[in-house]
Amino acid sequence: MFARVRGLALMPYHLGRMTTYMLLGILAASLSGMVFSVPLQRGIAVVLLTVAGVLFLASAVPSLKRSMGPRLLNGWVARFGAGLGRVAKPFFQSPTPWHRYALGVTLGFLPCGLLAAALMAVAATADPISAAFGMAAFCVGTMPALFLTGAGGRYALDHLPIRFSTSRAA
């Protein structure tokens with residue numbers, strides 16, 4: 001019973017991520033609709049969807065990700081992630097539902113290839129409402145993987161030998 005309650009404690013976090021993803025999707029689709037005229041929009045949609053497909057493929061195949069990843073962005077992504085870490089730090093200290101929601105909103109901005117691909121796909125629609133629903137579906141689709149990652153990490157900390165514990169000094 002307590003495991004279910006603990007899982008529900010993550011819902012504000014996921015709702016925060018969903019909020020960010022939906023807003024980013026609305027922004028991407030709105031910009032796409034405003035910037036490109038109707039005849040040009042179809043060609044842009046093809047390009048955006050192709051790039052989205054390549055990013056999804058690169059995320060699924062680690063050797064592709066390493067060979068395709070531009071080295072110039074690595075420093076920027078590291079600095080951006082560190083900045084987000086400083087912003088998000090206070091939300092970890094008091095785990096109220098509002099803090100979890102704010103943490104989800106903040107961490108929704110973390111750079112991610114899958115997120116970029118999903119944003120490109122919804123931008124190709126040029127329809128903010130469709131984009132919002134598409135990004136909400138993307139967020140719901142990521143929840144099982146995040147749950148399994150967290151459960152696997154918790155299991156490893158509880159069941160693996162002490163040499164893997166983070167509390168032991170090296």
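Tutor: Gladly. Buried means a relative accessible area under 20%, exposed means over 50%, and partly exposed lies in between (1.4 Å probe, protein chains only). This is a predicted model, with residues numbered from 1 along each chain as its sequence is written. Local features need pLDDT of at least 70 and side-chain atom pairs pLDDT 80 or more, totals for chains, interfaces and linings use all residues, and side-chain values use heavy atoms without hydrogens or water.

Student: What makes Leu 119 count as buried or exposed?
Tutor: Its relative accessibility is 17%, so Leu 119 counts as buried. Leu 119 is found in helix H7. Beyond residues up to four places away in sequence, Leu 119 touches Leu 24, Gly 25, Ala 28 and Met 135 (contact means heavy atoms within 4.5 Å). Leu 119 and Phe 138 lie 19 residues apart in sequence, and their C-alpha atoms are 9.6 Å apart in space.

Student: How many helices and strands are in the protein?
Tutor: There are eight helices and zero strands, in the order α-α-α-α-α-α-α-α from the N terminus on.

Student: What share of the residues in the protein is buried?
Tutor: Buried residues account for 22% of the 170 residues. As for contacts between residues at least 6 apart in sequence, 76% of them join residues at least 24 apart.

Student: Why are H2 and H7 described as oblique to each other?
Tutor: The axes of helix H2 (residues 11–35) and helix H7 (residues 113–123) cross at roughly 45° and come within 8 Å. Axes here are lines fitted to C-alpha atoms, for helices over the stretch in contact, and angles run from 0 to 180 degrees between N-to-C directions. Angles under 35 degrees are roughly parallel, over 145 roughly antiparallel, 65 to 115 roughly perpendicular, and the rest oblique. H2 and H7 are therefore oblique.

Student: Which residues in H2 and H7 meet?
Tutor: From H2 come Tyr 21, Leu 24, Gly 25, Ala 28, Ala 29 and Ser 32, and they meet Leu 115, Leu 119, Val 122 and Ala 123 in H7. By class, this contact has eight nonpolar, two polar and no charged residues.

Student: What makes H7 and H8 roughly antiparallel to each other?
Tutor: Their axes are 9 Å apart and the helices pack at an angle of about 155°. H7 and H8 are therefore roughly antiparallel to each other. On the H7 side the contact is made by Leu 114, Leu 115, Ala 118, Leu 119 and Val 122, and on the H8 side by Ala 131, Gly 134, Met 135 and Phe 138. Eight of these residues are nonpolar, one is polar and none is charged.

Student: How do H2 and H8 cross?
Tutor: The axes of H2 and H8 come within 8 Å and cross at roughly 145°. Their contact includes Tyr 21, Met 22 and Gly 25 of H2, with Met 135, Phe 138 and Cys 139 among the residues of H8. By class, the contact has 15 nonpolar, four polar and one charged residues.

Student: Why does Ala 137 count as partly exposed?
Tutor: Its relative accessible area is 49%, so Ala 137 is partly exposed. Ala 137 is found in helix H8 (residues 128–159). The C-alpha atoms of Ala 137 and Met 22 are separated by 9.5 Å, although these residues are 115 apart along the chain.

Student: How do you know whether Thr 20 is buried or exposed?
Tutor: Thr 20 is at 3% relative accessibility and therefore counts as buried. Thr 20 sits in helix H2. Leaving aside neighbours within four places in sequence, Thr 20 is in contact with Gly 104, Val 105, Gly 108 and Phe 109.

Student: How many disulfides does the structure hold?
Tutor: The structure holds zero disulfides, a disulfide being a pair of cysteine sulfur atoms within 2.5 Å. As for accessibility, Cys 112 is partly exposed, at 40% relative accessible area, whereas Cys 139 is buried, at 0%.

Key. Helix = DSSP H or I, 4+ residues; strand = E, 2+ residues; numbered from the N terminus. Nonpolar A, V, L, I, M, F, W, Y, C, P; charged D, E, K, R; others polar.
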